[in-house]
Amino acid sequence: MRVLAWHVHGGWMDAFVRGPHDYLIPRDPYAGEWGRGLAGRSWPAAREVALHDLHGEDVDIVVLQRTEELVLAEALLGRRPGRDVPAVFVEHNAPKPAAATTRHPLADQDDIAIVHVTHFNRLMWDAGRARCVVIEHGIPDPGEQYLGDLPSMALVVNEPVRRGRITGTDLLPLFAEAGPIDAFGMGADQLPAALGMSPHALRPSGDLPAAQLHPAMARRRLYIHPMRWTSLGLSLLEAMHLGMPVVAVQSTEAPRAIPPGAGFVSADVGELVAAARWLLAEPEEAARLGAVGRQAALERYGLGRFLADWNTVIEEEAQRRPGPGAVEFDGRNRPDRWKET
C-alpha cells in the first residue's frame, strides 16, 4: 500500500513506518510543520515527496493526524479524504478542554475512522456515531539497559513550563523532596528558574536523541511520570522497556499501562514521593520492579503487535468504498498557509 502521512510525532512515526508499506512523507522546506519530510530520520520504508508532486501520486490511503490535513490533503491530491481516497484519522490526544463532553471534530460521520492510541482516550472523546478503533502504542525495543547506578529520578517532558499543570510540573518540588530529578526534553532547562528550585535538585539534562537518551535514562534509579492530562507518553513506555521502575500519577492511561509490581501508581502525591524515596534507597528492589515492567511492556507495547494492528486497519480501510456522506470541513480550521485567496 502507498500510505500518505505527515511527520508530526517523531516517536510514533518511528514505529509506524516500520511496517510493510510504502510511506510517503510530504516535504517542503518552506512549509514548516506541514512539510518536515523525514527531518533527518533514517526510515528505509519511507520516502519524501515534494508537496507539488503529490497530485500525481497514486495514494491508497491517507493517515491524517491533524484536522487541518483534511483540507491540505484534498488540495494537494485533488481528492477528498473519506470520499475520493480512503483515510483514517489518528487521534493522539486526550480531549480538551472538557474531559468527557468534548466533541471530536470528526464526530458523527462514517467515512473516516478515528484511530485512538489509548482506550482511555476513546472512552473520553465524544465521537458520536463515528467509527472508532484503538491501536495501542508500540515501540522498537531499545533493549534492557537498566543500570540504576545513579540515585536520582529521570523525567522526560517537552515544554514543561508552558504546559504547567497538564504535565504535573507543579509537582516536581514535591518529588524533589525524595531526591534529585534529572529532567530531559525540550524546554527542561527552564524548570529550575520557573519553579524557584536549585539546579542541583532539579537538573536539566538536555534534549537528547534516542540513542543518547535511553542509556542516560537507564542510569537513573527510577522514572517519574507526573503527568495529569496527557495521552500516554512514549517516554514512559521506553522507560519500562529499558527495565526502569516507574512512579506515576494515577491519571489517563497510566494505570492500565503500568501493571502491579512494575512500580507505583497513585493519585496521592505523598504516596508517590514516599515510593520514590524508597526506590532510591533500595537499588535491588528497584531492579526487580523494573524487570516486571519490562516484561509487561514487551507483551503489551511491542512493535510486532502495533504493526499487525495497523496492517489490519490499513487493509480494511483501503478496501472500503467511501460514500457521498463524507466528512465536511470548513475553512476556519485550515492553516493560514493553505487558506484560499
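Analyst: Contact here means heavy atoms within 4.5 Å. Helices (H or I, at least four residues) and strands (E, at least two) are DSSP runs, numbered from the N terminus. The model is predicted: local features need pLDDT of at least 70, side-chain atom pairs count only at pLDDT 80 or more, and totals for chains, interfaces and linings use all residues. Residues are numbered from 1 along each chain as its sequence is written, and side-chain values use heavy atoms, with hydrogens and water left out.

The sheet is open and has 6 strands, in the order β10-β9-β8-β11-β12-β13, with parallel pairing; two strands pair if DSSP finds at least two bridges between them. Because β10 (202–204) and β13 stand at the edges, each with a single partner strand, one side of each has no neighbour in the sheet. On average, neighbouring strands are turned by 25 degrees against each other, direction ignored. Axes are lines fitted to C-alpha atoms, for helices over the stretch in contact, and angles run from 0 to 180 degrees between N-to-C directions.

Within the sheet, β8 and β11 are joined in the parallel sense over 3 bridges. Ala154 has Tyr223 as its bridge partner in β11. Tyr223 also touches Leu155, Val156, Met217 and Leu236, among others, not counting residues up to four places away in sequence.

Ser152 lies in strand β8, which covers residues 150–156. Its relative accessibility is 1%, so Ser152 counts as buried; buried means under 20% relative accessible area, exposed over 50%, and partly exposed in between (1.4 Å probe, protein chains only). The side chain of Ser152 makes a polar contact of 2.7 Å with the side chain of Asp182. Such a contact is a pair of N or O atoms within 3.5 Å; within protein, one must be able to donate a hydrogen and the other to accept it, and residues adjacent in sequence count only if both atoms are side-chain atoms. Beyond four places in sequence, Ser152 touches residues including Pro180, Arg203, Arg221 and Leu280.

Val249 is found in strand β12. With a relative accessible area of 10%, Val249 is buried. Residues that Val249 touches, leaving aside those up to four places away in sequence, include His225, Val265, Ser266 and Leu272.

α10 lies across β8, β11, β12 (246–249) and β13, and runs at about 170 degrees to β13. The buried residues of α11 are Ala286, Leu289, Gly290, Gly293, Arg294, Ala296 and Ala297. Their cover includes β11 (220–225), α8 (234–242), β13 (263–266) and α10 (269–281). At 1.5 Å a residue, the 18 residues of α11 (residues 283–300) should span 26 Å, and its end C-alpha atoms are 26 Å apart, which agrees. The expected span is 1.5 Å times one less than the number of residues in the helix.

Finally, the nonpolar packing. In soluble globular proteins, nonpolar side chains tend to be buried together. A nonpolar core is a set of buried Ala, Val, Leu, Ile, Met, Phe, Trp, Tyr and Cys residues joined through side-chain atoms within 4.5 Å. The largest nonpolar core has 52 residues, and those with the most contacts inside it are Met153, Phe175, Ile181, Tyr223 and Ile224. A second, separate core of 26 residues includes Ile25, Ala46, Ala113 and Trp310.
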